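Open your viewer and get ready to click through a few places with me. At each stop I will say what to select and what you can find there.

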Amino acid sequence: MGDLGAISLWMALALAAYSAVGSVAGKLRGSTALVDSAQAAMYATVVVLFVSTLSLVVSFIARDFEIAYVARHSDLAMPDRFTWVAFYAGNEGSLLYIAMVLSVMAAVAVWRAPERVRDALPYTTGVLMLVLTFFLAVMAFMANPFDKLPFVPPDGEGINPLLTHFGMFFHPPALMAGLVGISVPFAFALGGLLARKTGDEWVDPGRVWGIITWALLASGLLLGSWWAYTILGWGGYWFWDPVENAAFMPWLALTAFIHSIMVQKRRGMFRMWNIALINVAFALALYGMFMNRGGSVPSVHSFGESDLGWIFLMFLGVGLIVPFIIFFWRYPLLKSAQNLDSMLSREAAFLVNNLLLLAIAFVTLWGTVYPLISELTSGEQITVARPFYDQVNGPLMLGLVFLMGVGPMLPWRRANWASVRRALTVPAAVAALTVAALLALGIVKPFAVAGFGLAAFVAAGILMEWYRGVRARHRNSQENYAVAFLHLIWANRPRYGGYVVHLAVIMVALGIVGTAFFNTQKDVVLSPGETAIIEDYEIRYLGTTQAVFGNRTEFISSVEVYRDGELLDTISPNRAFYPSFNMASTRAAIRSTPVEDFYVVPSENLSNGDAGLRVLVNPLIWWMWVAGPVMILGTVIALWPEPSRVPARAPARAPAAASA
C-alpha cells in the first residue's frame, strides 16, 4: 500500500502540473482540445489522490511501521477509530489531506461553474491546479508521507494524547479545508481578471464558495475552542496563540468578503474592493499554513520539527505579490456599475463593516508578528499577551456587533432619518430595557453591559424582521404562523439564512462576554470527604481511583456537586499520564446549563489520596457551543439552491392567427 500511495502521489503531481499548464496554454492558443484535456487531467487528479489517501489510511489500520509517518503517529495500542486523526497528525499526512480536499473542491467548482464564467474557466482551473501542484511538489520532494524506514520497528511511537479527543475528528480537517478552500473563490476572481471578465461574472461562484469556506473556518475555530476548553485543563477556550490567530484572520477577511460580494451581486458595486478582499483572504490563508508548518513565531499548534517554513514563506510571498500585480494590471477595467449614493444606506453599512473586520485582522496580525519585529530590531523578543488583543479588539468587535444590528435595517441606495428611526425604535427600546435591567441587578461593568445591550439590540432587530414578514404573509395568504414563518425563510433564503448566522454570532458573543467578565476560578487541594465552596456551589471530593491501560495510567476522581444543600450531580474529572510521551492530559468534568458551566479539572493527584482540583464557574458559555449548529443551519439555508424554473411553453397559434 505504501508503494501504491507513493506512485499515486507522483501521478497526481504530473496530472496537476499538466492541468495547470495545459489550461492556460490551451486558452492562450485557442485550443479547445487542450483545455478539455487539461480539465480531464484535473478530474483524474481526484481519483489518483483518493487512491493515495486510501493507501495511507490502510497503512495506518495495518500498522505498517515500515512507513516512517505511520510509525511516528501510531502504535499497536492505538484504537482504529483514531486512524483518521493520526492521518493528519503530522506535516506529511496533513498535506496529503489538504491536497485531496483541494482537488475535490476544484473539480466540483469547475464542474458546477455557471455559464457566465466559461470564458474565464481555463484560467480558474490553471490557478487551482497551480496551487495544488505546489502542495504535491512539497510532499513529493520534501515531506513524502510514504517514505520508508531502513528497518521495521516492532511498535510505533504512538499518537499524541491530546489528539485523542472527539473534537479532533473535525477541528483540524475543517480548518485545513477552510484555509485551502479560499483558493476557490480566489481562483474565480483571478481567472476573471486574466480573461478580462471584470464585471460581475464571477460573483455567484465567488459568493457560494466564499460562504462554504467561511463556514468551514468558523466550524473549525469553534470546535478548536471546545477542544481546548474540555481537554487542556485551563478552563478557557481562546489564547490568542499565533496559529489560532492565523486561522482567525482569514475568517475575518472572508466575513468582510461575503458581505461585500452581496453588494456587488445586488448593486454592481465594490468590484475593485472585492478583488482586493479575496486577495487579502488568500494571502492570510497562506500565512496560516506557513505558521502551522513551522513559522517564525513559536506556537503550541505548529509542527515543531518541521523544516518547511521557508518554502511556505516563499509561496506566501508569491501568493501576495502576484495577485496584486494582476489586480493593478486590470485596475482600469474594474469600474463599478454604480456609485455609493449615500452614507446612510445598507451599502455604506457593509463598507464600514468591512473596514472594522479588516482593522481587527490587522491588529491581530500586528500582535502576532510583533515578537519577530522586536527581535529583529532590538534583539529581544517581546511576547504580546491576551490583554493587548482584548483591549484593542474588544471595542472594535462591539462596533461590529452594532453594525450587524443596524445594517440589515437600512434600505439599499439611500435612507432618511425618519425611516431609520422607525426601523430601530423597537430594537433600541429592547436594548435600553436590557441595560436598565442589568444595572438594576448590580451589573455595572461597562463593556459587559454594552455587550449584552448590543446583543439584545441585534436579536430584537432580527426577531422584528421575522415578525413583520410572518404577519404580512398571514394576512395576505391566511397561512398559520408556523407555515408562514417557513415560507418566509424559503422565499428569501440568502437573507434569512444570514439572519440565522447573525443569531449564532450573538450566541458566541454572549458566551464571550459571560466568561470574560463574570467567570470565577478557585484552586483547592482536598482529602477524601472534604468540601469546598465556590459561589453558590459546594463540592465534596470522594476520592480517586487508578486504572492502568496499555499506554497510560488514568486517575479518575469522583466529586459531588451541591447547591443550596441539594445534590445536583456526581462528576468524574480524570487525569491520564502517558509514560512514552512523558506527558499528562486532563479531561474536565463539566455540568453545563444555558445559565452557566460548573467546571472541575484535576491539576494534581497526591500519593496520600489528596487531589488538587481547579474549579470554575463559567457563565453563558453553553451558548457558544450551541452557536455552531445554528451557524451551520443558517449557512445551509443561505446556500440552498433555488428551484429550477422551466419556462412556460407558449400556446400554439391557429394557422389563421399566425398568418395574420
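Which residues in H15 meet which residues in H16? Before you look, note that this is a predicted model, where local features need pLDDT of at least 70, side-chain atom pairs count only at pLDDT 80 or more, and totals for chains, interfaces and linings use all residues. Residues are numbered from 1 along each chain as its sequence is written, and side-chain values use heavy atoms, with hydrogens and water left out.

**Stop 1: two helices**

Select residues 417-440 for helix H15 and 446-477 for helix H16. Helices (H or I, at least four residues) and strands (E, at least two) are DSSP runs, numbered from the N terminus. On the H15 side of the contact (heavy atoms within 4.5 Å), you will find Arg422, Val426, Pro427 and Leu438 among others, and the H16 side includes Phe452, Gly453, Met464 and Arg468. The residues of this contact divide into 16 nonpolar, three polar and two charged. Here Ala, Val, Leu, Ile, Met, Phe, Trp, Tyr, Cys and Pro count as nonpolar, Asp, Glu, Lys and Arg as charged, and the others, Gly among them, as polar.

**Stop 2: aromatic pairs**

Now show the aromatic rings: the whole structure holds 41 aromatic pairs. Rings of Phe, Tyr and Trp (its six-membered ring) pair if their centres lie within 6.5 Å; planes under 30 degrees apart count as stacked, over 60 as edge-to-face and the rest as tilted.

Select Trp202 and Phe257: their ring centres are 6.0 Å apart and their planes meet at 25°, so this pair is stacked. Trp202 sits in the loop between helices H8 and H9, while Phe257 belongs to helix H10, 55 residues apart. Is Phe257 buried or exposed? Phe257 is buried, at 0% relative accessible area (buried means under 20%, exposed over 50%, partly exposed in between, with a 1.4 Å probe and protein chains only).

Next, pick Tyr229 and Tyr599, a tilted pair with 4.9 Å centre to centre and 45° between the planes. Tyr229 is in helix H9 and Tyr599 in strand E9, 370 residues apart. Both Tyr229 and Tyr599 are buried.

**Stop 3: one histidine**

Finish at His73 in helix H3. His73 is buried, with a relative accessible area of 16%. Leaving out residues up to four places away in sequence, His73 touches Phe60, Met78, Ala86, Ala89, Gly90, Gly158 and Ile159.

Terms used: Axes are lines fitted to C-alpha atoms, for helices over the stretch in contact, and angles run from 0 to 180 degrees between N-to-C directions.
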